[in-house]
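User: I would like to go through this model in questions and answers. Please start with any definition needed for the strand pairing.

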Amino acid sequence: MNDAQAREDIRIIKDMLDRTRRATSESGTLFIVWGVLITLALLGTWVLGLLKAYRWEWAVWVGVTVIGWVYSAFYGYRQDRKAAVTTYTQIAARHLYIACGAGFLLVGIALPRLGAYSYEAISILVSVVAGILFFVMGGLYEWPLLRVFGLVWWAGALGLVLVKGNDRILLYAVLFIVAYLLPICILRAKHKREQTRK
Amino acid sequence: MTAETFEPLDPVIHSPLRLAVLSILLSAKQADFGFLKKATEATDGNLSTHLAKLEDAGYIRVKKSFLDKKPLTTCHLTEKGRAAFIRYVKALESYLPPGTKKD
């Protein structure tokens, strides 16, 4: 073994690690599904607000959460069956999804229903959990931009405190488009690029 | 650098294909035969031979099963394999000129 052969071995290691990473890049499918569901829930909440039927808001959120969880479980099972390779990053990401899903359920539905705080605080606390989701995902997939969107969610949570009433839903919708739908689009584009490089 | 400073390389890993397989399995909990074949660009026979050598050394665990009535071969890195791979990379560093080890 000489210097050149050692470098060739290191090149092989780096190349294989890179190929594995590219083969398992995040497609953003679950992000999209949850994005559509949350958009529908926001729309439902806004309509119920117009109709002054606030007491049914919880039903909208329980509905989208149950649909989201069932789809996520089905999607995870299907991915597991057809996955040619499973990385530790994917396993960590899956646990993060589950943890944040439980977090959304607790702060968005269970805790306010149990009287822990007012319904007005839901969007603020959901933004904090969303910030954690994006920030950690950015770390797992080594994508700094996703971490920036995590910071945007946290800044948004602070901004939501300053806005009251129905305007808070409006600001939340803007935050959702900027810090959720935008990164999803970028994530999808990045995934497609990674797949074509394979 | 003198010959005495070179660390001995594990002969089981010291082959481009076996090194490639272990590199993939280092970051993956599991990988199937098809993925390993595609990533390493090896032939079926060649890959099978090298996987058998790694399995005999106890560096990987090979599980054979069926998925939708098709045979599926899945490979996992063992703790022994992980330790051997780390030792191999450390040994490789001794072959590089000083100052280039962090490349």
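Analyst: Two strands count as paired if DSSP finds at least two bridges between them. The model is a predicted one. By that rule, β1(B) pairs with strand β3 (residues 70–77) of chain B over two bridges, and the sense is antiparallel.

User: Which residue of β3(B) is the bridge partner of B:Ala31?

Analyst: β1(B) and β3(B) pair in the antiparallel sense. Within β3(B), the bridge partner of B:Ala31 is B:Cys75.

User: Which residue of β1(B) is the bridge partner of A:Val85?

Analyst: Strand β1 of chain A, residues 85–87, pairs with β1(B) in the antiparallel sense over three bridges. In β1(B), the partner of A:Val85 is B:Ala31.

User: Which element gives the most residues to the side of chain B that touches chain A?

Analyst: The contact takes 20 residues from chain B and 20 residues from chain A. On the chain B side, the elements giving two or more residues are α1 (16–27), β1 (28–32) and α2 (33–40). With six residues, the one that gives the most is α1(B).

User: How many nonpolar residues does the side of chain B that touches chain A have?

Analyst: Chain B brings 20 residues to the contact. By class, four of that side are polar, two are charged, and the nonpolar ones number 14.

User: What is the distance between the end C-alpha atoms of helix α1 of chain A?

Analyst: Helix α1(A) covers residues 3–23, which is 21 residues. At 1.5 Å a residue it should span 30 Å. The end C-alpha atoms agree with this, being apart by 30 Å.

User: What arc do the buried residues of α1(A) cover around the axis?

Analyst: The buried residues of α1(A) are A:Ala6, A:Asp9, A:Met16, A:Arg19, A:Thr20 and A:Ala23. They lie on the same side of α1(A), because the arc they cover around the axis is only 155°.

User: Which exposed residues does the face of α1(A) turned away from its buried side carry?

Analyst: The buried residues of α1(A) pack against β1 of chain A and against α1, β1, α2 and α4 (79–93) of chain B. The face turned away from that buried side carries the exposed residues A:Asp3, A:Ala4, A:Arg11 and A:Lys14.

User: What pattern does chain A follow along the sequence?

Analyst: Chain A has seven helices and one strand. Of its 198 residues, 26% are buried. Read along the sequence, the pattern is α-α-α-β-α-α-α-α.

Notes:
Residues are numbered from 1 along each chain as its sequence is written. Chains are lettered from A and ligands numbered from 1 in the order in which they are written. This is a predicted model: local features need pLDDT of at least 70, side-chain atom pairs count only at pLDDT 80 or more; totals for chains, interfaces and linings use all residues. Two residues are in contact if their C-beta atoms, placed from the backbone, lie within 7 Å. Helices (H or I, at least four residues) and strands (E, at least two) are DSSP runs, numbered from the N terminus. Ala, Val, Leu, Ile, Met, Phe, Trp, Tyr, Cys and Pro count as nonpolar, Asp, Glu, Lys and Arg as charged, and the others, Gly among them, as polar. The expected span of a helix is 1.5 Å times one less than its number of residues. A residue is buried if 20 or more other C-beta atoms lie within 10 Å of its own, exposed if 12 or fewer, and partly exposed in between; C-beta atoms are placed from the backbone. The arc is that of the directions from the helix axis to the C-beta atoms.
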